[in-house]
Amino acid sequence: MSTKINVRSPFYLHLVEPSPPLPDFDCTVAGLVGFAVDNQGIITLPSPAVGVIDSISSDDGDFANNKFPAEGTDTSRTIKVKLLIPVGYANTSDIFLECPVTATQAGTTSSVVQPTVCTTTVTTSGSISGQSLSVGGSSVDIDLAGFFTGETTYAFSNLNPNLVTAALSGSVLTLAPNVIAGSTTVYGIGRDNSYPATCEATQSIAVTVTDSTSAFSCTSPTNPALQGGSISQAGVITNPTTLGTITKIMATSGGGAITSVAANNTASPISHTLFFDITVPSGYSNAAATVECSATFSQVGTAPPTFTCSLANLTGQSIARNGSINAGTSSLGTVKTPASGVQFSTVDVDTSRTVTFPVTIPSGYANAGSDINCDVTIIQPATVSVCGANTFYRSSGVTTQEGHCNAAYGANKAITSTAASLNALLNSQVCQGGVPFDGGNLYYGVFTSSASSAFGAGAGSYYVINIDNSGIVQELAIVSCNTTGGGAGVLV
């Protein structure tokens, strides 16, 4: 059926094709493949087609320390995979999505999935003591050859690369701390040349990464400690993620526990500030203590959602030494340069400026096509910049925050900064060779020492900074890469 519209001259129709709504990121889009559990209970993580794995969990009662126990007969195993939601999806602001995956673990006595049950030729010898590492400290080497009998080859399982980076050279397993504290279990594996016809043997290694000089709080080591989460129109609460363990949700500070809120049957969103009791993880000076932190959520109603500056997610804004303004980019909507002629005067010292950027609201939100104003605080560099004395090492520059995930990159270019530590680099001045470094608004991996393979594929979590043309750090993020050359970052 068609519709005929008659318009009498001199009137005209101006029709614009509407933009399609953004899709939701769901488990089908994530496309997790490759999940497996071997007959000793060692897990092979699935690879996502889209997104990056943050962590895993399981409701199975015998799942412990990122491993299932060996079973005599075939056993179905299910884990829940928590993924970082990439930018460009309707639910990006939720930050995380949890997807279940299932595989069959072959039995050690009888099996259908592995018709020929493996024979035992490799056994363990003694045990490997727990390893204590410190954030920013040295790595540790473990020679697996001393802990197995009958083996000829070695492997390892590390399901928490955000906490610790593992690498194997011959029989030597190297464990290196990353930038957060916590605890995990890494497994050393011994096999012979007939594997999988012969059984592997495993040794568990308890690893603790400490940051004993720092206390866990609502703003450290990540700010905020609670990230993501949501409240549905029906009132269902999806917990935010945190390095600790959420043990209680409250509607008021110190109040009674709740599990949901009332449904929002109005056309307008409702703001809820919820309070969460968090048990501090090991590795911090206040480990095992309870810290209460709050988070504010917008519960959608029956009307289109409101577009906010948080959803716009402005990045790359900067001010040159001559005072001119660079509009940068936005994740959603279209960011505009402020009104024509807006330019600051030159300054003799680095100066903080607050600039208001108009952002055009995209389709799918209330008031689509109109503008909202978003304030961004930017450092205008001095005409004569002062270079700090704190030395760091950077990688080559790439155009996106996760751009190093396609390969391994070294930290081989010395830079200096006014910041005293990696997590203080935001808004600091960066110099190279004694002069402000022209970063070209690119993204650089940054580390505390020179290293041949510090960023990108296989490097675990690492810091990335965006440096503008004047050497000012405009963004600071922690990035994790997946196995398919992609990655995701969380702004610090």
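**Disulfide chat**

Q: Hi! What handedness does the link of Cys309 and Cys374 have?
A: The link of Cys309 and Cys374 is left-handed, with -95° about the S-S bond. A disulfide here is a pair of cysteine sulfur atoms within 2.5 Å. This is a predicted model, where local features need pLDDT of at least 70, side-chain atom pairs count only at pLDDT 80 or more, and totals for chains, interfaces and linings use all residues. Residues are numbered from 1 along each chain as its sequence is written, and side-chain values use heavy atoms, leaving out hydrogens and water.

Q: Where do Cys309 and Cys374 lie?
A: Cys309 lies in helix α2 (residues 309–312) and Cys374 in strand β26 (residues 371–380), so the pair ties together parts that are 65 residues apart in sequence. Helices (H or I, at least four residues) and strands (E, at least two) are DSSP runs, numbered from the N terminus.

Q: Is Cys374 buried or exposed?
A: Cys374 is buried, at a relative accessible area of 2%, while Cys309 is partly exposed at 31%. Buried means under 20% relative accessible area, exposed over 50%, and partly exposed in between (1.4 Å probe, protein chains only).

Q: New topic: how many disulfides does the structure hold?
A: There are five disulfides. One of them joins Cys27 to Cys99, with S to S 2.1 Å.

Q: And which parts does the pair of Cys27 and Cys99 link?
A: Distant parts of the chain: Cys27 is in helix α1 (residues 27–30) and Cys99 in strand β5 (residues 96–105), 72 residues apart.

Q: Why is the disulfide of Cys27 and Cys99 left-handed?
A: Because the torsion about its S-S bond is about -100°.
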